[in-house]
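Here are my notes for your review. Please read them with the structure open.

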Amino acid sequence: MTVRGPGETSLPPMAECVVIGGGVIGVSCAFRLAEAGVDVLLLERGGLGEGSTAKAAGGIRSSFTSRVNAELGLRGLAAYSAFSRDFGVEIDFRRDGYLYLLTDPADVAAIGHCAELQRSYGVRSHLLDPSEVRDVLPLLETDGIVAALWSPDDAKATPDAVVQGYARAARASGAKLRTAVEVTGIERDGDTLTGVNTTAGFVRTGAVVCAAGAWSGRVGELAGLDLPVRPFRRQVVFTGPVPGLPDAVPLTIEMPSAFYFHREGPGLAMSFCEDDGFPGFDTHYEAGQWLPRLAELADRRIPAVLDAGIRTAWAGLYEVTPDRNQIVGESVLLSRFFYATGFSGHGFQMGPAAGELIRDLYLGRQPAVDIAELDVRRFEGSVTAPVERHIV
């Protein structure tokens with residue numbers, strides 16, 4: 001018999017801060033706020049980590065081309081490398097690296113800049129010529145590759161384990177986490193927050209953190225705000241055992257096709273970023289024309305995988321902003337409405353930094369990373385936007 005914890009879906013009448021969303025961003029925010037002494041209530045419409053986080057590849061990297069993203073990625077790498085020690089949860093952290101394959105000579109200069117940026121932070125990223133690529137991954141076919149960026153310090157971990165680690169730490173610090181509770185309204189008096197309506201009742205609060213991922217646009221609407229975050233489906237297949245697959249396989253991305261793969265058990269997980277099409281919350285896997293295109297890309301780079309067969313496949317959601325960079329900040333239109341969302345595929349790796357940033361914004365501290373360019377107002381032209389080429 002399963003015994004439900006006391007008050008698992010019952011809500012307190014009030015909370016200092018309500019976090020909406022129970023993925024990695026939400027639980028990280030809840031933990032950091034609770035750790036700082038804030039009375040936190042986290043609300044999740046499903047189960048913790050069951051949204052986009054459950055379908056995340058688990059990559060963690062600093063190999064970005066913009067300063068702010070590189071710094072957020074580095075904080076994620078540092079946090080996850082020490083996660084099992086700090087949180088007592090094994091997350092299978094492995095530094096297998098990231099390998100970017102370039103097939104267009106026009107991309108080499110920008111990737112070279114990326115390597116320089118990484119080295120300025122002490123990261124060992126560097127360019128490889130085609131003859132060196134197979135030293136990193138012997139199974140790779142290098143025809144058409146003009147150069148590659150090798151970032152050996154980048155890593156991978158298990159998203160669900162991270163969510164559970166943060167959730168446990170948040171509870172231990174006093175946060176209340178409620179699942180199967182959907183936010184249905186956000187009450188305000190002018191530009192002041194007064195509370196949230198939910199399927200389990202009303203909670204009085206003066207602060208809200210929107211960490212709802214692909215559902216953040218809807219949360220913004222409830223508050224009368226425009227958060228330009230839209231859901232787009234992304235699909236991935238998992239193969240059977242691949243003969244000769246080395247133990248360490250970097251998360252490898254071919255540019256500009258955005259075909260990528262990484263090791264998953266004895267086989268590979270593979271995908272590519274198709275055209276966005278229309279936004280929507282459909283997460284049904286559909287092979288259609290997508291699978292033959294994936295097979296074509298795989299045959300070009302790792303033909304050995306074609307004999308492995310498909311073990312399983314699924315589809316999840318990316319939370320995409322117009323420039324495919326996250327929005328993090330505090331609304332200037334509604335007092336104490338904070339947002340950390342729209343990570344466009346980078347949410348897992350930036351989860352640790354997001355929690356720290358929201359904590360600092362809530363407490364009125366200067367964040368350790370300058371995030372002015374991540375403000376939602378950049379889409380109105382009043383804030384300079386980050387330029388990021390690695391948007392996979």
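At what angle do the axes of helix H2 and helix H9 cross, and within what distance do they come? My points follow; keep in mind that this is a predicted model.

1. **Helix pair.** The axes of H2 (residues 67–81) and H9 (residues 347–363) cross at roughly 95° and come within 7 Å. The two helices are therefore roughly perpendicular to each other, since angles of 65 to 115 degrees fall in that class.

2. **Who touches whom.** On the H2 side, the contact is made by Asn 69, Leu 72, Arg 75, Gly 76, Ala 79 and Tyr 80. H9 brings Phe 348, Gln 349, Met 350, Gly 351, Pro 352, Ala 353, Glu 356 and Leu 357. Eight of the contact residues are nonpolar, four are polar and two are charged.

3. **Main core.** The largest nonpolar core holds 53 residues. Leu 33 and Ile 358 have the most contacts inside it. Several elements give two or more residues to this core, including helix H1 (24–35), helix H3 (83–87) and helix H6 (159–172). H2 and H9 are also among them, as are strands E1 (17–20), E2 (40–44) and E19 (337–341).

4. **Ile 358.** Look past its neighbours within four places in sequence. Ile 358 is then in contact with Cys 29, Leu 33, Val 209, Val 328, Phe 338, Tyr 339 and Ala 340.

5. Another core, of 26 residues, lies apart from the largest one. Its members include Val 249, Trp 290, Ala 298 and Ala 308.

6. **Six-stranded sheet.** This open sheet has the order E8-E2-E1-E12-E19-E18, and its pairing is mixed. E8 (176–179) and E18 (327–330) stand at the edges with a single partner strand each, so one side of each has no neighbour in the sheet. The twist averages 15° from one strand to the next.

7. **E2 with E8.** These strands run parallel and are joined by four bridges. Leu 43 stands opposite Arg 178 in E8.

8. **Three-stranded sheet.** A further open sheet has the order E9-E10-E11, with antiparallel pairing. Neighbouring strands are turned by 25° against each other on average, direction ignored.

9. **E10 with E11.** E10 (residues 192–198) pairs with E11 in the antiparallel sense over four bridges. Val 196 has Val 203 in E11 as its bridge partner.

How values were computed
Residues numbered from 1 in each chain as written. Predicted model: local features only at pLDDT ≥ 70, side-chain atom pairs only at ≥ 80, totals over all residues. Heavy atoms only, no water. Axes fitted to C-alpha atoms, helices over the stretch in contact; angles between N-to-C directions. Parallel < 35°, antiparallel > 145°, perpendicular 65-115°, else oblique. Contact = heavy atoms within 4.5 Å. Nonpolar A, V, L, I, M, F, W, Y, C, P; charged D, E, K, R; others polar. Core = buried A, V, L, I, M, F, W, Y, C linked by side-chain atoms within 4.5 Å. Buried < 20%, exposed > 50% of the residue type's maximum accessible area, 1.4 Å probe, protein only. Pairing = 2+ DSSP bridges.
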